[in-house]
Amino acid sequence: MKLEKWIIVFDLDDTLFSEKEYFFSGISYVEQFITDLYKVPFNGEIFKAYKKGVKDLWGWSSKKLKLPLETKESFLWVYRNHKPKIKLFPGIIDLINELNKLDAKVVILTDGRSVTQRLKIKALNLDRLPLYISEEYSSIKPKKKRFMSIQKTWKGSKF
């Protein structure tokens, strides 16, 4: 069976990998960043605050470090721009490889910021796949703009 006329579109977060794994990777990175930059042992601190139900982790971190609340924006950007330590769900790479063997085209459609989503894609070694990120289209899911772009790129295909 050949699928050369098929375009298979996957969402990224919580479809191909665990968004929670990304979240924990980011927390760990920010903790290490704070430890290194401010010379304050902070490893495990943000994670403990999360476990206690703290909603504004970056504001909490600023307060704990006795920094102005505005620094929470910097911590948020460190989180968003970290190189994540994440992996695909079991079987995903086999599925993508099998779809490629059957001549299907695999595409990723995802919501989020361009840099953050591209860092995830790179960490997952999926950067060879066509990527449609909401920020790059000034749209969010379920807006049709990216879906229409995919259909326009592969006219006459099945999706």
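I started with Glu-136, which comes out as partly exposed at 34% relative accessibility (buried is under 20% relative accessible area, exposed over 50%, partly exposed in between, with a 1.4 Å probe and protein chains only). I kept in mind that this is a predicted model, where local features need pLDDT of at least 70, side-chain atom pairs count only at pLDDT 80 or more, and totals for chains, interfaces and linings use all residues. Residues are numbered from 1 along each chain as its sequence is written, and side-chain values use heavy atoms, with hydrogens and water left out.

**Entry: the partner of Glu-136.** I looked up what Glu-136 meets and found a salt bridge with the side chain of Arg-118, 2.8 Å from N to O (a salt bridge is a side-chain nitrogen of Lys or Arg within 4 Å of a carboxyl oxygen of Asp or Glu). Glu-136 sits in the loop between β3 and α7 (145–153) and Arg-118 in helix α6, so the pair ties together parts 18 residues apart in sequence. Helices here are DSSP runs of H or I with at least four residues, strands are runs of E with at least two, and both are numbered from the N terminus. Arg-118 is partly exposed too, at 40%.

**Entry: other salt bridges.** How many salt bridges does the structure hold? I noted 9. One of them joins Asp-103 and Lys-2 at 3.3 Å, N to O. Asp-103 is in the loop between α5 (92–101) and β2, and Lys-2 in the segment before β1, so this pair links parts 101 residues apart in sequence. Asp-103 is partly exposed at 39%, whereas Lys-2 is exposed at 52%.

I also checked Glu-45, whose salt bridge with Lys-64 has its closest N and O atoms 4.0 Å apart. Glu-45 belongs to helix α2 (residues 45–51) and Lys-64 to helix α3 (residues 57–64), so they tie together parts 19 residues apart. Then I found a network of salt bridges linking Asp-13, Glu-19 and Lys-120.

**Entry: the sheet.** I traced an open sheet of 3 strands in the order β1-β2-β3, paired in parallel (two strands pair if DSSP finds at least two bridges between them). β1 (7–11) and β3 (131–133) are at the edges with a single partner strand each, so one side of each has no neighbour in the sheet. I counted 5 bridges from β1 to the parallel strand β2 (residues 105–110). Phe-10 has Ile-108 in β2 as its bridge partner.
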